[in-house]
Amino acid sequence: MELKKCIDGYREQIIRVRRDLHRIPEPAFKEKMTSKTVADFLENLDLPVERGIAKYGVVSLLKCKTPGKTLMIRSDMDALNITEETDLPFASIHKGAMHACGHDGHMAMVLGAAMVLKDLRNMLKGNIKFVFQPAEEGPGGAKPMIEAGVMENPKVDYAVGCHLWPALPEGAFGVKAGNLMAAMDHFEVKIIGKGGHGAMPHLCVDALEVGSQVINALQRVVSRQMSPLNPAVVTVGSFHAGTTYNVIPGEAVLTGTTRTFDRKVWHSWPERLEKIIKGVCDSMGAQYLLNYTQGYPPTVNDEALSAVVRNCAMKVSGPEMVLEPEPTMGGEDMAFYLDRSQGCFFFLGVGRQNSAPLHNSKFDFDEQMLLKGVEAYCRIALELLNCQISNPVKKH
Ligand SMILES: [Zn+2]
Ligand SMILES: [Zn+2]
């Protein structure tokens, strides 16, 4: 109860900073004002702040009473290229940009946790690293943050992060051990044929037609090569060719994404795709250029740490409000941290009747939910870094 009271004392500041951040959304690797707002906020708390990591990343380290393990609490910072249509008094003032994925809320929750945990530092041992990373929506800020050393000095033992989740009811937590989100890559294929007159196909290599065959054949990777018990996706999301009705296009470009939880399949995608693209193009006399980019690994939660998060979430919202979410084929670059330490990425429900989904121009949530997120972070810290408990989570 004391903790809830302590958090309640910061209610206005948490909501105010969320609104300040919501007003100035900046897309991936352009989070200049956002980064400054976050860093200034932490500096006002007299916490040490490192700015400019992986362009706009911010890290702040809270050293507790005695030495011990290090817990990372992570937020993303970037917005989306969406024009906001919420009519909120604190709606985006940046044309064509919007916090439609709740990252403004994520930042406010971690800043709220920083305020509260600073007050509680004498009850804790070890360190808490507050990490704010750019570009979660792609191309990905976690990897360059790690390369810049955020998981070291002191070495991170536990990593947690939370995503606001409209698919769960308001105030509920979604906690799941094991596979939560998929590995996510993207690719571009350029097909090079030979353009010419629409009436003389025999003198051309029709890149549009070859492209259609490639798209068809790519669908066979999942339907014929993958185990039906092992979820996988190949999506071609764009296909551009041609300019007018009576010209056979000499070039076609298609782009797509792959998803899987299975690391073996993940590493096999480029070869599998290329084999098919090459086969189709060879048989039709076309050339191709494949640009395959590996994105985020699968997001896999540690068993023991998920149990800690689940227990803490139950204390916040009650056992009946802690659910096990279905895994999603969406991707998250939190995965990079979870590959390097024990960790858990969890969801906080903000779903109401008729609430807009993530990445929607009308997305909004009840800010009171942010206090639940703050409380969850604080309880996780109290549990993992408690002076009384020597080693709450065993490495396995
Ligand atoms: Zn998003
Ligand atoms: Zn997001």
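Angles under 35 degrees count as roughly parallel, over 145 as roughly antiparallel, 65 to 115 as roughly perpendicular and the rest as oblique; axes are lines fitted to C-alpha atoms, for helices over the stretch in contact, and angles run from 0 to 180 degrees between N-to-C directions. This is a predicted model, in which local features need pLDDT of at least 70 and side-chain atom pairs count only at pLDDT 80 or more, while totals for chains, interfaces and linings use all residues. Residues are numbered from 1 along each chain as its sequence is written, and chains are lettered from A and ligands numbered from 1 in the order in which they are written.

View 1. The chain holds 10 helices and 16 strands, where helices (H or I, at least four residues) and strands (E, at least two) are DSSP runs numbered from the N terminus. Along the principal axes, the C-alpha atoms fill a box of roughly 80 × 50 × 40 Å. The radius of gyration, taken over C-alpha atoms, is compared with a globule rule of 2.2 Å times the number of residues to the power 0.38; for 396 residues a compact globule would have a value near 21 Å, and the 24 Å of the chain agrees with this. An automatic or database domain assignment supplies the domain bounds, with domain 1 covering 2-180 + 298-384 and domain 2 covering 183-296. The centres of the two domains, taken over C-alpha atoms, are 37 Å apart.

**View 2. Where domain 1 touches domain 2.** Counting two residues as in contact if their C-beta atoms, placed from the backbone, lie within 7 Å, 9 residues of domain 1 meet 9 residues of domain 2. The side of domain 1 that touches domain 2 has 4 nonpolar, 3 polar and 2 charged residues, with Ala, Val, Leu, Ile, Met, Phe, Trp, Tyr, Cys and Pro taken as nonpolar, Asp, Glu, Lys and Arg as charged, and the others, Gly among them, as polar.

**View 3. Helix α2 against helix α10.** The axes of α2 and α10 (residues 368-384) lie 10 Å apart at an angle of about 110°, and the two helices are therefore roughly perpendicular to each other. Arg11, Ile14 and Arg18 of α2 make the contact with Leu370, Leu371 and Val374 of α10, a set with 4 nonpolar, no polar and 2 charged residues.

**View 4. Helix α4 against helix α10.** Here the axes are 8 Å apart and the angle between α4 and α10 is about 50°, which makes α4 oblique to α10. Among the contacting residues are Gly105, Ala108 and Met109 of α4 and Gly373, Tyr377 and Cys378 of α10; the contact as a whole divides into 10 nonpolar, 3 polar and no charged residues.

View 5. Most residues other than glycine have a negative phi, and most peptide bonds are trans. The bond joining glycine 138 and proline 139 is cis, with omega about 10°, and proline 139 sits in the loop between β4 (125-133) and α5 (142-147). A cis bond also leads from asparagine 153 to proline 154, with omega near -5°, and proline 154 belongs to the loop between α5 and β5 (158-169). Lysine 55, although not a glycine, has a positive phi of about 80°; this lysine 55 lies in the loop between β1 (49-53) and β2 (57-63).
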